[in-house]
Amino acid sequence: RVLEVGAGTARFLRAVRRTNPRLEGHASDLDADALREAVRADAGLGATQSDLTALPYRNGAFDVVLVFDVLEHLHRPELGVAELARVTRPGGLLHALIPCEGQPGTLHWLMWKARLKADLKERRVGHVQRFTHQTAVRLLEQHGFEVRSEEHTSELQSRGLISYAVFCL
């Protein structure tokens, strides 16, 4: 069982299901229209309109949970991570993408420190958090996740973004 949280139209989850149609896929998002589009594209997909801080799934319901570019939108990301931990089965995997816009040396960090359109990401796309690599990993570890693998990307510094990280609960 695989859950994508903040799924929108669940493009990633649908692509995974195309390569392995036996996967039981579930999409969760606040946007009901996007979820309807996801189900139209993949009728075998379960979809639930819900908030990451209050997921309507039982404890340990999913073997794999996917979350891409979502935690930085939350005013209290610890609530979202607690829910991710709750719905991931013991030994299950969390595959996350977390922009680290507070990481020293990155373009977003430099803009913030120079006060040059420092609120651009917040105004344009709702990023209210400025994670660093360390704060993102610490947040996940505080909720029982253990880093299994990670990759980083950035034009200015090797730890500018966590492009993907796999965490085990």
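I began with L13, which counts as buried at 0% relative accessibility, where buried means under 20% relative accessible area, exposed over 50% and partly exposed in between, with a 1.4 Å probe and protein chains only. I noted that this is a predicted model, in which local features need pLDDT of at least 70 and side-chain atom pairs count only at pLDDT 80 or more, while totals for chains, interfaces and linings use all residues. Residues are numbered from 1 along each chain as its sequence is written, and side-chain values use heavy atoms, with hydrogens and water left out.

**Entry on L13.** I placed L13 in helix α1, taking helices (H or I, at least four residues) and strands (E, at least two) as DSSP runs numbered from the N terminus. I then listed what L13 touches, leaving aside residues up to four places away in sequence, and found V2, E4, G25, H26, A27, L45 and L66, a contact being heavy atoms within 4.5 Å. For V2, which lies 11 residues from L13 along the chain, I noted a C-alpha separation of 8.1 Å.

**Entry on the whole chain.** I counted six helices and seven strands, which follow the pattern β-α-β-α-β-β-α-β-α-α-α-β-β along the sequence. Of the 169 residues, 41% count as buried, and among contacts with a separation of 6 or more, 63% are between residues 24 or more positions apart. The accessible surface comes to about 8900 Å², with 51% of it belonging to carbon and sulfur atoms; the areas come from the Shrake-Rupley method with a 1.4 Å probe, and for residues only the protein chains shown count as cover.

**Entry on helix α3.** In α3 (residues 77–87) I found P77, G80, V81, E83, L84, A85 and V87 buried. These buried residues pack against β1 (2–5), β4 (62–68), β5 (88–99) and α6 (133–142).

**Entry on salt bridges.** My search of the whole structure gave six salt bridges, each defined as a side-chain nitrogen of Lys or Arg within 4 Å of a carboxyl oxygen of Asp or Glu. One of them joins R86 and E83 at 2.8 Å, N to O; the two residues are three apart in helix α3 and therefore separated by about one helical turn. R86 is partly exposed at 24% relative accessible area, whereas E83 counts as buried at 11%.

I also looked at R17 and D42, which form a salt bridge with their closest N and O atoms 2.6 Å apart. This pair links distant parts of the chain, with R17 in helix α1 and D42 in the loop between α2 (32–41) and β3 (46–49), 25 residues apart. R17 is buried at 10% relative accessible area, and D42 also counts as buried, at 13%.

**Entry on the largest pocket.** I noted a volume of about 210 Å³ for the largest pocket, and a lining made up of E4, G6, A7, G8, T9, A10, R11, F12, F68, D69 and V70. On a 1 Å grid over the protein atoms alone, a pocket is an open set of points where a 1.4 Å probe fits, with protein on both sides within 12 Å along at least five of seven lines, and lining residues have an atom within 4 Å of a point. Grid points are joined across faces, edges and corners, and the volume is the space filled by probe spheres set on the points. By class, I recorded five nonpolar, three polar and three charged residues in the lining, with Ala, Val, Leu, Ile, Met, Phe, Trp, Tyr, Cys and Pro taken as nonpolar, Asp, Glu, Lys and Arg as charged, and the others, Gly among them, as polar.
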